[in-house]
Amino acid sequence: NRPFLTSLSHPVVVVAVAVLLLNDHMLKGSYPSWLTGKLSDFAGLVFFPLLLAALIELAVPSVRRSPQKLLMTAVAVTGFAFAAVQLIPAATQLYETVLGGLQWPLRVALDPTASLARAAVTPDPTDLIAIPAIAVAWWIGSRVEVSGSLPNGSGLGARAATSVRPRDGFGDQAVWGAGESTRHLPTTLLETRDQFLDAFVD
């Protein structure tokens with residue numbers, strides 16, 4: 001069970017990644033403004049904590065026993081790292097180095113002569129306005145961690161009704177909208193009516 005890996009396919013996360021890519025590679029260059037400058041920050045803070053949690057649960061399987069702690073750690077690390085990059089020069093330089101290393105394989109694929117270089121990052125304390133977006137990541141991660149599947153229609157397979165199987169005069173019938181819980185219902189309504197009438201007459 002990898003709830004945070006599953007969370008990366010949540011519609012909100014998918015939209016956030018698409019917005020980040022579209023903004024960084026098209027909108028910022030074509031329509032430079034305060035909005036496009038902050039849009040990627042909001043989008044990144046929505047999905048990165050879930051990505052971090054997914055990577056950790058893949059690398060360290062034992063953490064799956066405490067998904068809530070893992071989610072809390074991923075959210076806290078993302079928030080503090082984002083703030084540090086905007087406020088602390090040493091953190092900004094470290095981020096530029098790491099980001100440059102991550103971007104290098106793609107740059108080499110596009111241009112074999114590309115050399116390893118630090119990415120250019122301009123710290124902006126006003127970017128901290130995007131911090132509340134991290135609450136969306138917490139909300140998605142908490143719901144997936146609790147349910148074990150994506151909410152809002154993404155995990156309908158887990159909620160499908162089971163077939164009715166006779167057992168000692170009773171059938172097991174899943175109740176729609178009640179997850180995996182079941183109620184035992186009499187096989188026939190006539191038996192229920194007769195039992196009720198007999199008890200009433202007595």
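**Figure 1. Helices α2 (11–30), α3, α4 (67–87) and α5 (89–110) each contribute at least two residues to the lining of the largest pocket.** This is a predicted model, in which local features need pLDDT of at least 70 and side-chain atom pairs count only at pLDDT 80 or more, whereas totals for chains, interfaces and linings use all residues. Residues are numbered from 1 along each chain as its sequence is written, and side-chain values use heavy atoms, with hydrogens and water left out. A pocket is an open set of points, on a 1 Å grid over the protein atoms alone, where a 1.4 Å probe fits and protein lies on both sides within 12 Å along at least five of seven lines; lining residues have an atom within 4 Å of a point. The volume of the largest pocket is about 1,600 Å³, taken as the space filled by probe spheres set on the points, which are joined across faces, edges and corners. Its lining consists of 36 residues, and L20, D24, Y95, L99 and Q103 lie nearest the centre. By class, 21 of the lining residues are nonpolar (Ala, Val, Leu, Ile, Met, Phe, Trp, Tyr, Cys and Pro), seven are charged (Asp, Glu, Lys and Arg) and eight are polar (the others, Gly among them).

**Figure 2. T36 is placed in helix α3, which covers residues 34–59.** Helices (H or I, at least four residues) and strands (E, at least two) are DSSP runs, numbered from the N terminus. T36 has a relative accessible area of 7% and is therefore buried (under 20%; exposed is over 50%, and partly exposed lies in between, with a 1.4 Å probe and protein chains only). Leaving aside residues up to four places away in sequence, T36 touches N23, L27, K28 and Y31, a contact being heavy atoms within 4.5 Å.

**Figure 3. V98 belongs to helix α5.** Because its relative accessible area is 44%, V98 counts as partly exposed. The C-alpha atoms of V98 and A119 are 8.2 Å apart in space, while the two residues are 21 apart in sequence.

**Figure 4. Residues 153–189 have pLDDT under 50 throughout.** The predictor's confidence in each residue, from 0 to 100, is called pLDDT. For residues 153–189, the model has 38 contacts beyond four places in sequence. Across the chain, pLDDT averages 79, and 71% of the residues score at least 70. The chain contains seven helices and three strands, in the order α-α-α-α-α-α-β-β-β-α from the N terminus. Of its 202 residues, 29% are buried.
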